Every structure is written in C-alpha cells, then in structure tokens.
Amino acid sequence: MKLNSKVPEGKLEDKWKNYQAKCKLINPANRKKLNIIVVGSGLAGAGAAATLAELGYDVQCFCYQDSARRAHSVAAQGGINAAKNYQHDGDSIYRMFYDTLKGGDFRSREANTYRLAELSAPLIDHFVQQGVPFAREYGGVLVNRSFGGVQVQRTFYARGQTGQQLLIAAYSQLYKMIRAQKVEMLARQEILDVVIIEGKAKGVIARDLMTGEIKRFAADAVVLATGGYSRVFRLSTLAIGCNGSAIWKAHKRGAFFAAPSFTQIHPTALPQSSDAQSKLTLMSESLRNDGRIWVPKKKNDERKPADIPEEERDYYLERRYPSFGNLAPRDISSRAAKERIDAGHGVGPLKNAVYLDFKHAIQNLGKKVVEDRYGNLFSMYEKITGINAYKEPMKISPAAHFSMGGLWVDYELMTTIPGLYAIGECNYSDHGANRLGANSLLQASIDGYFILPNTINNYLAGELKEKNPGVDHPEFLKVENEVKKQIKKILDINGSRTVDDFHRELGKVMWQECAMSRNRAGLEKAILQIKEIRKQFWTDVKVTGSANEMNPELEKALRLADFIELAELMCIDALQREESCGAHFREEYQTAEGEALRYDEDFAYVSAWEYNEGDFILHKEHLEFEYEKPTVRNYK
C-alpha cells in the first residue's frame, strides 16, 4: 500500500489556505443527516465534538471516565505555545515551525508542522474568548514564558494549571452542545473495537463499565481522540486509566501504526520511591525557566544540599549546553540526567534524582514573583514530599510521558482506514522524534477545534449518497462476538498472577531496554522477554469477578493485553531504526561527545507498520524537506 499524505500544493505558508479553498463542503441541511462518533473527551475530543455539533452534525462522544471533566488533558501544567510575538523577541510563525521541526529532529512532515505554528495564534484568541484566565502583565497584556528547545518566550499559561483551565473551557463548549441535544455524551464506556464495513470505519463496539453490557454504535465516521500510550511502561506521568487500546484495536483492523518507539521521557517528574508505586507525578517543565538543575560533583554525596558549596555543584545542563542551559529540549535533558545518575551523582534515598533549585531565582526575583509563577506547583510538591521547595531544592527524575508515535494520519488527520480519524496525541503528526514542551495542548486543541472540522467534510461529502449500514449489519454482530470471546477467554484463565504483576514485569523490560537509550542486544532480548510475558499472561493471569458487572480488574487485563502487543512493536520499530534521533537514542549511534547521530540518507522517513496478524510489515513515508534542510541538532 502506498502512503498518500495528501499534502496540498503551493508554498509552505499557502498550503492550508489552498486546502481549505479546494476541499469539499457540506451544506447545513445535509450535515444533520450525518453521524460522527468521537472517542475521547479531552482537549482534542471535546473540541472536535463541540465544534462538529455546532456545525450541525449528529455527534456521539464517548469517554471511559465518569465525566468529560476528568480527561487527562487536565494534568498538563506548564502552558500552550503560540507565535504571537508579544515579547517582541524575534518570534514568528516560521521560527516556531523551525523550532518544532528541529526539536523533533527532522522526523515530521513539514506541512503539518507549519500548520501547527500557523494556527497557534488564532487558537489563543479562541481560548481567551472562551474565558481561559491566562496570566497577564500588569497592564492587561497576556504574558509569556519560555519552554525547552527555544530561545524566545511563546508559552501562554495559567499558573501551573493550564491544562485544567483549557479543559474547563472545552468542556463548557461541549456541555453547551449536550444541553442543546446536539451531542450525546456517553460516559463510563470503553471502546473495545472498531467496525469496518466495505473498507470504511462505520462504528464501534463499547463496553458499559458500570454494567458490563456490550453495545454497538454506528456512524458515518469515527474520530479517535484517546491520548497516548506511555502507560506501556507502567510507571509514567499518565493517569492510571490512560491506555492505547482504542488505537491498537484500530491498528489490528487495518490502520497503520507510525513510529511506535518514539516515546518521550520527561525530565522533571518526581522520582520513583518504591516498587509499590502505580504512577509518577509530573512537575511542569516551566519550572526550568527559573530553576537551576544540578548534582553534587562528588559521587554518592550524602550531604544535605544546603551544605554543598557552589564550587562543588555541577550545573551540568549549563555546562554541556551553554546556549540553552536548563531549557535544553526534553530528550536531551532527560538523557543528561540519566548520565549523571548512572555515573553515581544521583541524589535522594534511592540515588535516582537530581536537584531543581530555586535559590538563585528567589534571591534575584524575590519569593513573591516565584510564588506568583509557580505557587501551586510548589504546594503540590510539598503536599507529596513534605519538602518546602522555597527552602531546599526539589528532587526530580526522568519519567515516561508523551507518545510522539501513534496512528499514521495524512494531512486531513485520516488514518489508512477511510472514515477513521485520529487527533491529538493518539496520532503521529506534528512532533517527529521529540515533542517540544507546551506543544501538546496546542496540537490537541488545534486538531479538535480547527483542523478536523475542516477536513472531515472532504470524506463525509462522499458518504451522503451512501446508506449507513446501521448496527444490525452482520459485521457489527461478528465484531461484537469477537469482543465477547476475548473477554471470556481472559476470565476463564483463572491463573495465579495478577494483572498488576504482569504489568510491572512488562514495565521493567520496557524501561530498561526501550526508554531513554536502546541498543541492538537489549532490544532483541526485550522482544523475546515480551513474547514470554505474553505467553504467560494468556495462561496464568487471574482476573476476578465477572463480565456482567463493574470490574476494574477486567478493564486492566484487556488494556494490558494490548500493551503487551504494542510493546513488541515498539521494540521492533526501535530495532529497525539504526540511528539516533530525538527521543530514540541508539547507543551504537552517537558522537564522541555522547550526542545523537542521525542518518538522514537512510532514515528520513516515518515508519508506518501494518499489523498483518502480528507479523508486522514496515511501510515508509519518505520525508521531503523543501524549506528547511536537516541540520545537526546542536543546543550547545
């Protein structure tokens, strides 16, 4: 199958305008005849569902939480990027495009990345009109701060709770459409499969998480907005319920999975404290604006941080990357922290952390300014650790965070299955091999509010003449029976090991061999270990309870079954990419200084995998760089 990215013609700055000028339209009367399913109610899903309903489509929106307000977008803290140039510091749409392309190590599609930057400015206006309380200067102008990987201030924020404020705005728009009966909101529903009829996405099979009832839902198009899959590592910054099941089921039905090994390790999370932990806590990257990161120069130093004099502190990011310092991109900052920890300079009870210190910021700016900028983050840190970060440094550590990989999508955000769209973090679209901080809220919002509502018409215009097959079509019954069969199979095993025990084992393998650094021997070993975990899971997992009730253990088991298969593909993808780029760091391919060594001649492509009954087939979307030739990614 040849991948068609559908990138429009014209200059880079004209492509989106050219697309909109030529794409098909549907008149308002006809939109009422068309049904769209949106899976997920975070920023991408809520924005898409509300906007599509406002346009006149009949929309059903699903989420597994008890409310759309609990979507994981709420957890994003630091901000949202936009090329407004309010600071007059040289920012522009093109500079933001270049920063994002370079930050992703030239492994993303130029046209999509430029569109992300182009639509960023109107998105901020959109959110201001919805009432988002962005931070403002004394005179009322919106204020900006910097994030990693850039040398300008383009990040808009609402203290350390930007995701929460944006989600409340999106939720209010969604709820307005629910009250107007233009959106049917189906909470506590987990999508367990996608129904494909005559090659097109025509509906989903869902499980009611309260009763266990399996239900069928038909539509003219299906939109997945289900977030990332970094819970494959088990310990991550993601909420416990975050999972990749919906996109994995779509992958098994024919949607290609792109760059699954591109997963981001965030440099500023709270360190793991025990094996009993179920997740890690994110501390916003915005803290790196004013906080300085360091470790003791002496190995295994047991002194308190206040007792270590300045000359015995290694501000290693400032030392290694003087141009960007503490604002080096996430992948580089995480690997640098790992290198210091592995070399014996880690701090904390388990020696698995580094210091993030605000001593100099408080001295130079005053405690009040620091409190205004990061007060709720400091409060959260103290609540969790008991440490007052105004008086002593925070302890931070790298943690699994964002997924750059996801379902392959074209310029219209449609997967390789006609009528099936993927938006937000669950697609591979804009970030390449590494996402810059504050671009995740941006992509999710733009995909949902601005892009999908303009591109989905191009497909649905052709569906007006087609009769919706409805839930009585034999394919719906077939897929429903397959779902029920899998549930029965898991419940019938009645083995001796819990789901959490298997997930803990899988997470350790993935963190060790397919996280911040990889190598051939480790990846080959991991693939064999994952196959063994999968074999043992299907013969020895114990899931209590029944299918016809609220059963969290069954939910976890179904999700873990998908994670195990996805983990294998992640290692296969990492193994075939014999270069280092962004978050994908192959130890065999690095410079003498320990920096990533990229091979554009051989690997300037998006890897798009076909499921093929588990015997994965690689397809390549070759990347062409017309406007910015790939350069060595240097932050020194």
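Strand β20 (residues 605-610) has five of its six residues buried, so the rest of the structure largely encloses it. Buried here means under 20% relative accessible area, with exposed over 50% and partly exposed in between (1.4 Å probe, protein chains only). Helices (H or I, at least four residues) and strands (E, at least two) are DSSP runs, numbered from the N terminus. This is a predicted model, where local features need pLDDT of at least 70 and side-chain atom pairs count only at pLDDT 80 or more, while totals for chains, interfaces and linings use all residues. Residues are numbered from 1 along each chain as its sequence is written, and side-chain values use heavy atoms, leaving out hydrogens and water.

**The sheet around β20**

- β20 sits in an open sheet of five strands, ordered β19-β17-β11-β20-β21, with mixed pairing. Two strands pair if DSSP finds at least two bridges between them.
- At the edges are β19 (427-428) and β21, and each of them pairs on one side only.
- On one flank, β20 pairs with strand β11 (residues 257-258) in the antiparallel sense over two bridges. F257 has W609 of β20 as its bridge partner.
- β20 also pairs with strand β21 (residues 617-622), again antiparallel, this time over six bridges.

**The three-stranded sheet**

- Another open sheet runs β3-β5-β4, and its pairing is antiparallel.
- β3 (80-81) and β4 (144-145) are the edge strands with a single partner strand each, so one side of each has no neighbour in the sheet.
- β3 meets strand β5 (residues 155-156) through two bridges in the antiparallel sense, and I80 has F156 of β5 as its bridge partner.

**Helix packing**

- Two packed helices are described by the angle between their axes and the distance between the axes. Axes are lines fitted to C-alpha atoms, for helices over the stretch in contact, and angles run from 0 to 180 degrees between N-to-C directions.
- Helix α3 (residues 43-55) and helix α7 (residues 162-179) have axes that come within 8 Å and cross at roughly 35°. The crossing of α3 past α7 is left-handed. A crossing is left-handed if the near helix is turned anticlockwise from the far one by less than a right angle, and right-handed if clockwise.
- On the α3 side, L43, A46, A49, A50, A53 and E54 touch L166, L167, A170, Q173, L174, K176 and M177 of α7, where contact means heavy atoms within 4.5 Å. By class, that contact of α3 with α7 has ten nonpolar, one polar and two charged residues. For these classes, Ala, Val, Leu, Ile, Met, Phe, Trp, Tyr, Cys and Pro count as nonpolar, Asp, Glu, Lys and Arg as charged, and the others, Gly among them, as polar.
- Helix α4 (residues 93-103) and helix α5 (residues 110-118) also have axes that come within 8 Å, crossing at roughly 130°. α4 and α5 are therefore oblique to each other; angles under 35 degrees count as roughly parallel, over 145 as roughly antiparallel, 65 to 115 as roughly perpendicular and the rest as oblique.
- α4 passes α5 in a right-handed crossing. I93, Y94, M96, F97, T100 and L101 of α4 make the contact with E110, T113, Y114, L116, A117 and E118 of α5. That splits into eight nonpolar, two polar and two charged residues.
- α5 packs against helix α6 (residues 120-129) too, at an angle of about 40° with their axes 5 Å apart. L116, A117 and E118 of α5 meet S120, A121 and P122 of α6, giving four nonpolar, one polar and one charged residue.

- Most residues other than glycine have a negative phi, and most peptide bonds are trans.
- K6 isn't a glycine, yet its phi is positive at about 60°. K6 is in the segment before α1 (15-22) and counts as partly exposed at 29% relative accessibility.
- K351, also not a glycine, has a positive phi of about 55°. K351 lies in the loop between α10 (330-345) and β15 (354-357), and with 23% relative accessibility it counts as partly exposed.
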